[in-house]
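Visitor: I'm new to protein models and would like to learn how to read one. Could you walk me through it?

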Amino acid sequence: MSAMRRYLPVFHDVLGASVLVVGAGAVGTRKIEALLAGGARVTVVAKELSPAVGERAARGELTVLRDAFHPDQMREAELVFAATPDRELNRRVSAEARRRCIPVNVADSPEECTFLLPAVVRGQEFTAAISTGGRHPGAARALREFLEDHRAEISVRLERGRRRKRIAARQGKVFIVGAGPGDPDLLTVRALGLLRSADAVIYDYLVPQDILSLASGNAVKICFARRGRTAGHGAIMKQGAIHEAMVRLAREGKSVVRLKSGDPLVFGRGGEEAEHLSREGIPFEIVPGITAAMACAAAAVLPLTHRGRSSSVTFVAGHDTGEKGGSAVDWSRLPKDGTLVVYMGVARVAGIARELAGAGFPLDTPFAIVENGSRPEQRVVRGILSGLSRTALDSGIRSPAILFVGRTASLLPFNDTGERSDELVAQGL
Ligand code: SAH
């Protein structure tokens with residue numbers, strides 16, 4: 001066991017060790033080269049040698065036994081490698097080595113090994129070993145290549161880690177991160193990395209547990225928001241508490257992830273938070289996320305722009321302002337020939353339907369509502385403007401949902417208005 005520990009992580013620990021390698025083809029040669037580079041005393045059992053091994057043998061750098069394999073050849077060995085194309089022979093080598101308690105590695109056959117050879121990346125200040133237990137050598141190699149490409153960055157991060165230990169009060173930072181619409185697969189790689197390394201996560205109620213569970217187990221997780229109340233006095237209090245917490249945690253030297261649903265800069269108050277942080281002199285960074293409009297459009301196969309149908313897309317907030325119960329949006333100024341995307345609108349969908357009609361949107365304009373876009377409970381309902389209020393009520397659509405209005409909102413292919421869809425034109429119809 002102690003021998004295994006000694007040899008497992010890095011190959012250059014073989015300095016001075018007696019190693020028996022059975023087989024000197026391409027795989028065996030790679031192992032032999034690495035062992036010699038690590039200073040091992042290598043004995044090769046092989047009837048035929050690769051040119052490289054032949055040259056090394058001629059130079060006296062290793063011992064060659066041109067016989068068939070025999071267990072006696074292991075007598076001196078501290079490590080054994082089997083790398084022949086003959087699986088049965090490899091198995092025998094492995095069995096004999098095990099019987100003698102000599103660590104053995106069989107190429108491409110993890111179940112015959114008592115130790116595995118990890119892919120190794122060496123930087124100036126670190127050696128990283130990657131293993132998939134012999135099951136996915138391709139994946140281990142890909143990861144090694146990735147680490148090799150990022151060697152410099154890893155060194156910087158190691159240095160940062162060392163300093164973190166040395167300097168108690170490091171400078172904190174706030175990352176205002178978009179969590180996307182809810183499906184963890186739609187997080188950005190950067191968002192995932194930041195979540196995993198965060199000291200604290202301040203999240204919105206719309207961010208699902210599936211995503212939160214990706215955060216580091218040690219991170220403090222805080223949620224101030226209550227479902228529903230997005231405007232008025234309660235919201236201001238809540239926003240104040242969020243600002244205060246971000247600043248306090250960052251001043252403690254923490255890496256703070258302010259996790260918001262969708263994109264932080266789309267109806268997410270990300271701008272206000274960034275303003276506050278810059279006023280307080282706290283370093284911050286904004287990491288974009290997939291906004292609900294994009295995710296819901298993809299879910300409903302609804303092109304936000306489409307040649308000949310919509311050449312603009314407008315995001316509007318449909319909720320009331322909390323004052324007169326009306327919308328802050330001047331619906332009459334919105335383009336009627338584009339796609340309208342209404343966030344936070346379902347609670348007052350009847351009012352929105354009225355306002356759109358009053359603003360001159362034709363009553364046969366298609367609409368689509370996507371509830372819980374990208375989540376397991378996702379639903380899509382469609383219709384035309386005259387039936388919007390009724391349909392939303394009958395289908396019991398609840399927040400979170402996005403309302404799309406425009407000629408792109410009907411079902412594909414678009415051939416409902418006598419206009420030919422590209423597909424039909426292509427078919428010569
Ligand atoms: N910053 C977020 C929006 C926050 S406002 C973003 O970029 O997506 C909250 C509103 O977003 C909800 O009322 C709803 O209209 C919409 N929303 C968020 N997630 C949603 C989802 N998974 N499906 C449908 N609508 C969603």
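Guide: Let's take the ligand, then the sheets, then some backbone details.

Guide: This is a predicted model, where local features need pLDDT of at least 70, side-chain atom pairs count only at pLDDT 80 or more, and totals for chains, interfaces and linings use all residues. Residues are numbered from 1 along each chain as its sequence is written, and side-chain values use heavy atoms, with hydrogens and water left out.

Visitor: Okay, which residues come nearest to the ligand?

Guide: A residue counts as near a molecule if one of its heavy atoms lies within 4 Å of it. Here there are 20 residues around the ligand, and the nearest are Asp-263, Val-266, Thr-291, Gly-373 and Ala-401. By class, that shell has 12 nonpolar, six polar and two charged residues. For the classes, Ala, Val, Leu, Ile, Met, Phe, Trp, Tyr, Cys and Pro count as nonpolar, Asp, Glu, Lys and Arg as charged, and the others, Gly among them, as polar.

Visitor: What polar backbone atoms sit by the ligand's nitrogen and oxygen atoms?

Guide: Look for polar contacts, which are pairs of N or O atoms within 3.5 Å; within protein, one must be able to donate a hydrogen and the other to accept it, and residues adjacent in sequence count only if both atoms are side-chain atoms. In this model, a backbone N or O atom of Asp-263 is 2.8 Å from an oxygen atom of the ligand. Val-266 has a polar backbone atom 2.7 Å from a ligand nitrogen, and a backbone N or O atom of Gly-373 is 2.8 Å from a nitrogen atom of the ligand. As for cover, the ligand taken alone exposes 550 Å², and the protein buries 95% of that. Those areas come from the Shrake-Rupley method with a 1.4 Å probe; for residues, only the protein chains shown count as cover.

Visitor: Now the sheets. How do strands pair in a sheet?

Guide: They pair through backbone hydrogen bonds, either parallel or antiparallel. Strands (E, at least two residues) and helices (H or I, at least four) are DSSP runs, numbered from the N terminus. Two strands pair if DSSP finds at least two bridges between them.

Visitor: Which order do the strands of the mixed sheet have?

Guide: That open sheet of five strands runs 13-14-17-15-16, and the pairing is mixed. Strand 13 (313-317) and strand 16 (379-384) are its edges, each pairing on one side only. Strand 15 (residues 366-371) and strand 17 run antiparallel, joined by five bridges, and Phe-367 stands opposite Val-405 in strand 17.

Visitor: Last topic: which peptide bonds are cis?

Guide: Check omega. The bond from Ser-399 to Pro-400 is cis, with omega near 0°, and Pro-400 lies in the loop between helix 13 (388-394) and strand 17. The bond from Leu-412 to Pro-413 is also cis, with omega near -5°.
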